[in-house]
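Visitor: I am new to this structure and would like to learn how to read a few of its features. Please show it to me first.

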Amino acid sequence: MDKSTSGWVNGSIGVAIFAGSLPATRVAVKDFDPTFLTCARATIAALLSLALLVLLKQRRPDVKDLPSLALTALGGVVGFPLLTALALQHVTSAHSIVFLGLLPLCTAAFAVLRGERPKPLFWVFSVIGSAFVVGYALMGGGEASLAGDLLMLAAIVVCGLGYAEGARLSRKLGGWQVISWALVLSLPMMLILALFTRPDSFAHVSGPAWFSLGYVSIFSMLLGFVFWYQGLAQGGIAAVGQLQLFQPFMGLGLAALLLHESVSWTMLIATLGAVVCVAGAKKYAK
């Protein structure tokens, strides 16, 4: 399997793992405060990462790598989880999932700032795919909320930055090492905030909420990034980043299957339209 194909395979696995993140977060915020949820999931993942780094005797990043790790942590460890958790207090996971169709365009834009140069037609397909998402939001499909929509848009921007920065650094440190060091870097702050924001009692927390916390901590926060950053580093940030257009489609299915949320025709049209554009964007990514 060549490097490019490996990148698409790893990227696809990462997207499949991430697809369950918003439905799981939606369940978790019913019983957990969004700030505590964000800090707790990061703390759990960081402790696991620290154990892996120590057991496998990984060398520490260079001092010059710390700014990139900080940006990676800002986007994937803190910004996206917190902003989406806050957004999911205002909108359903089905509504929020469609915004993920903007992630490929945002990630590609940050990739260009990092030196990648996709062909002009790449941007045509990428913008058309994103337009389906924007059009859906403007139509107010699926229990729209201005606060929820703005929070989701902010989450997409910081996530795109974190993806691009983490993928660039993965070429030097390795995929799982980047997310692990980013988590460890954020551990002191996340642990302190988790202790300060923890509820007085966990008696009210349901089984599904605990399961969801486990999922977003282990899979969304750690394992998904292992495959995702490796895929972006192998196949190109802008190119493999287009796989994110499949994430809303998978996420909508999970929201309907597990949470029994309604999936309207406008959601399906917006999502399917975005997904169709991934083929064209992939062809002209390089």
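Guide: We will take a helix pair, a salt bridge and a surface patch in turn. This is a predicted model, in which local features need pLDDT of at least 70, side-chain atom pairs count only at pLDDT 80 or more, and totals for chains, interfaces and linings use all residues. Residues are numbered from 1 along each chain as its sequence is written, and side-chain values use heavy atoms, with hydrogens and water left out.

Visitor: At what angle do the axes of α3 and α9 cross?

Guide: Two packed helices are described by the angle between their axes and the distance between the axes. Here the axes of α3 (residues 34-55) and α9 (residues 175-197) cross at roughly 135° and come within 6 Å. Helices are DSSP runs (H or I, at least four residues), numbered from the N terminus. Axes are lines fitted to C-alpha atoms over the stretch in contact, with angles from 0 to 180 degrees between N-to-C directions. α3 and α9 are therefore oblique to each other; angles under 35 degrees count as roughly parallel, over 145 as roughly antiparallel, 65 to 115 as roughly perpendicular and the rest as oblique.

Visitor: How many salt bridges does a search of the whole structure find?

Guide: Side chains of opposite charge can pair when their charged atoms come close. The search finds 4 salt bridges (a side-chain nitrogen of Lys or Arg within 4 Å of a carboxyl oxygen of Asp or Glu). Lys172 and Asp62 form a salt bridge at 3.0 Å, N to O. Lys172 lies in helix α8 (residues 146-173) and Asp62 in the loop between α3 and α4 (66-87), 110 residues apart.

Visitor: Which helix gives the most to the nonpolar patch?

Guide: α7 does, with 4 residues.

Terms used. Helix = DSSP H or I, 4+ residues; strand = E, 2+ residues; numbered from the N terminus.
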